[in-house]
Structure formats: structure tokens, C-alpha cells
Amino acid sequence: MTTIHRTLIQFFHWYTPGGGQLWGEVQARAPELARLGVTDVWLPPASKGASGAVSVGYDTYDLFDLGEFDQKGSVATKYGDRAGLERATAALREAGLRVLHDAVMNHKMGADDMERVRVQRVDAEDRRRIDPEIVEASAYTVFRFPGRGGRHSRFEWTAACFTGVDAIRDPDEAGIFRIVNEHGDEHWNREVDDEGGNFDYLMGADIEFRNPAVYEEMKYWGRWLGEQVACDGFRLDAAKHIPAWFIRDWVGHMRETHGQDIFVVAEYWNPDFDALATYIERTDRQLAVFDVALHHRFHDAARAGADFDLRTIFDGSLVASLPEHAVTIVDNHDTQPLQALESPVEAWFKPLAYALILLREQGVPCVFHPDLYGAEYEDTGADGQVHRVQMPAIEALPRLIEARQRFAHGPQSDHFDEPGCIGFVRHGTAEQPGCVVVLANGGEAGRDLTLGPEHAGEVWTDFLGHRQDEVVLDEQGRGVFRVNGGSVSVWVART
């Protein structure tokens, strides 16, 4: 039986060109992605953001506007109009690919109006410290979506739908302010990350999931989205700021609505394994989360070069302990240069990192669009200077994705006993071949491996083409599999 491994691609980055081009690119590249070995395509937020046609999508204004209504200065979003989205998702399905939508449910921005509210000032360093004084003020908490005129949903948002804001007027102040309403108690939502004491509040008008009307509206939106366009799963934005009990209920409802096999991955950006394990349990083990710790290991390994002990590359990672719930990444839109969580993996190390997520048994890998296609952009950095960034396409990446489907099969044995050169073997199955993967972060190296007498006399070559030599196995199936310095080789049997 042929095994098809789930392989995701994040088909955008923070600086994806605007002008409504992306949905067309998705449509055009769908057959190519399928041939390459990708199975799931994570699309950017498709809803209208507060900054309209230039919005990356995380400043969500109207979840029900998929580039259909004249709001925030445009009909189309940065990525295109609703018709383009429909064509793109249909093309993905036609190519046999699954569609993952980015669900931004933590907050809303770009309100249509202000209203009088009652708020309490909050210590930004410890959000559990809430000033008991209740202040009367005005805040941008009214969302009526006049450009949509009640199409798709007639729900209007007011202060009762939010837990907090980051600015008030009359008096004019900036900070963090907890909204006093009848739906919460005297605290923020529980079952969120404990950074800053309680990390319920992130930005904008923070959504109050304890309001029963809001709770039902968000479930309705998830149902509605899957009725409008192809939907096989979700990436959940800012999950560490949303109460786990709501995510548990929402994902369960999506499974009842869209099918039990939908794939859901949460962005719970925390490198601490215990925090992720707790979150997974609180959500009834219904979803995966991104392996933040592994990304940081890749970042550190790339910067340290030959001084990094490759034997420790998976230390503290989610994939090492809960692989069935791990989505492994090398980089994403937040870690790329000039972004909020900037911690990019240097280009020389990316082939090694991708080999470690694409060719092993554990985890579901996610490829980043610029690593496959390249990217070039400029933005202002933290130093106030404008920087031009070039992210080169990783030459070996298409072959690594292909190798995942063709050769990464069967049981796995690790050979992690040298600090500067590690390897692992995928032993294959009766129906599908295996491979030998060798990585080095210093000089040229090799691993002396015995695959078994059933492989006697076989000739093995580097599928990536990094090595031009061949390995001929002896009567015990033994050979020395070499790798160039600072490189990776994927050795496969010649057929």
C-alpha cells in the first residue's frame, strides 16, 4: 500500500506582494504543488482587514467579507477578491490538495464607531493587576459593517462583545484597559498563556468568548466559511490568547460540521513543552501546534555553525515528545527578517533543517513559501533604518519535498552519536523504498552504516546531487555514506 505523507505549505509571507495577485498564483501553482508532493495548502487570512487592500489579514475587521464588499477602501483584499479565492480553492481541490484557512478569532480592529464604556486600567507587565477604579470613557468597540449591509450575518459588535482595548478617549489614554461588562467576572479569560500574568489581551478590541452571542457567532462563521469555499482545516491564529475551552468547543463543532478528518493546527507561540502539552490536553487532543522550540533550535544551530552539537537538535522539542501533535517549521511569516518574532534560520542551514522535518517519521512538516520560491522586500527595522531583505529560494527544497513522498518510508533508526555529523535511516517497506540521510555542520564527514544483508551489492546515490560518488554496499549491506561540509545528502538505492 502506498503511503502519502501529509506535507503543508504556508503559501504566503508577511511581505507577499499585494494587488490581488496571490489567489491567481495559488490557482496557477496548484498542479505543480501536487506534483511536488505537497498535500495541504495553508492560505493567508481571507477576510477584510482594517487596513483594507494592504492588510496581511491579522488586523481582522470583518470575517464575513472575503473580498466581496466595498469596505476599508477596497472590495478586494491584498490577495484578491472573493471570486479569485473561490477559483483558487477549487483549483487546489481539483489538484487533490487540501485547503487550510487562517482563522483570526482573537480580536477585531478598525471599528466603525465609538461608544461609552466602563473600563479598568491594567498593568501591562502583569495583567492580573487590575486597578479597581472604574473609568467612564469612549472606545472604538462598535462594528456594524455598513458596506456589507447585513449580508451573510446581521450580528453587530459592541463593548459587550469584548474584554479589553488598547486606547480610550475622553479621557485620552493608551495602555491596556479591561472592559467591565456582564459577561466576564472581575478577571480576564482563563485557560490562556500565563505570559504577563495572563495573556488574554493581545491587540485591538479583544473578543469576549464568555458572551454567549459571541460564542455562537464565531461557531456560525466557521460553519459559514466551509459552506462558501473549499475547507479541509484551519490554522488558528494567536491561540495562546484565546481560552482553550473555546478552542476545544470550536474545533469540536468544526469537526461535526466539516468532517472528523479536518486538520487543525494552532499557533501557540511558546517554546515551553509543558505549556504546549497542557494546551493540547485542554483542547481534548483535537489539534496540532507548531513546534516553536524546534524552530529556535534551528535558528541557534544555524548561527553557531560547527560549534553546535547536532546530537541535541531535537532537545526540548514538541516533536520529540508528542510527535502526533507537532507541526514542524523552519521559518514562518512572524520569524522572517524584520518581523515581530524575528529569528530566521540562515540559508545555509535550511536544507539541513528541512531534511530533519521532511524525511523523518515524526511530525507534520510545513514548508514556507519564500523558501520554495524566494522573496525580496524592504521594511523599516527596529533601528529605524530601511533594510532590503533577500530570501533566496532553497535549491534543494523541491527535491527534499519529493524525497518525502518517494523515499521517507518505513521504520527509522537514528545515528546521533557525533556532534558534527548525524544521520538517520528510513528502512522502507515491502512496497516503498527507504533512504539514508546524513547531515554535517562542519567539514566533510561520513557515517559508516550497516543496512543488512538484504541490501548486499546495492549501489546508492545522493538524490539531492550534492555528492557525485556512489556507495556500493558489501555482503552485510555496509557502506560509508558521506556528506559535504555544512550540507545534507539523501542517499537512495539505484533502481
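At what angle do the axes of helix H3 and helix H4 cross? In this predicted model, where local features need pLDDT of at least 70, side-chain atom pairs count only at pLDDT 80 or more, and totals for chains, interfaces and linings use all residues, the axes of H3 (residues 212–228) and H4 (residues 244–258) cross at roughly 35 degrees and come within 10 Å. Residues are numbered from 1 along each chain as its sequence is written, and side-chain values use heavy atoms, with hydrogens and water left out.

Helices here are DSSP runs (H or I, at least four residues), as are strands (E, at least two), numbered from the N terminus. Axes are lines fitted to C-alpha atoms, for helices over the stretch in contact, with angles from 0 to 180 degrees between N-to-C directions. The crossing of H3 and H4 is right-handed, that is, the near helix is turned clockwise from the far one by less than a right angle.

Buried means under 20% relative accessible area, exposed over 50%, and partly exposed in between (1.4 Å probe, protein chains only). Lys 219 counts as buried because its relative accessibility is 12%, whereas Glu 216, at 40%, is partly exposed.

A second pair is Arg 285 and Glu 324, whose closest N and O atoms are 3.3 Å apart. Arg 285 lies in the loop between H5 (273–282) and E14 (288–290), and Glu 324 in the loop between H7 (318–321) and E15, so this pair ties together parts 39 residues apart in sequence. Arg 285 is partly exposed at 35%, while Glu 324 is exposed at 53%.

Finally, which buried residue has no salt bridge? It is Asp 334, in the loop between strand E15 (326–329) and helix H8 (350–358). The nearest side chain of opposite charge, Arg 235, is 4.6 Å away; Lys and Arg count as positive and Asp and Glu as negative, with His and the chain ends not counted. Asp 334 touches residues including Trp 14, Glu 267 and Gln 339, leaving aside residues up to four places away in sequence.

Technical notes
A salt bridge is a side-chain nitrogen of Lys or Arg within 4 Å of a carboxyl oxygen of Asp or Glu. Contact means heavy atoms within 4.5 Å.
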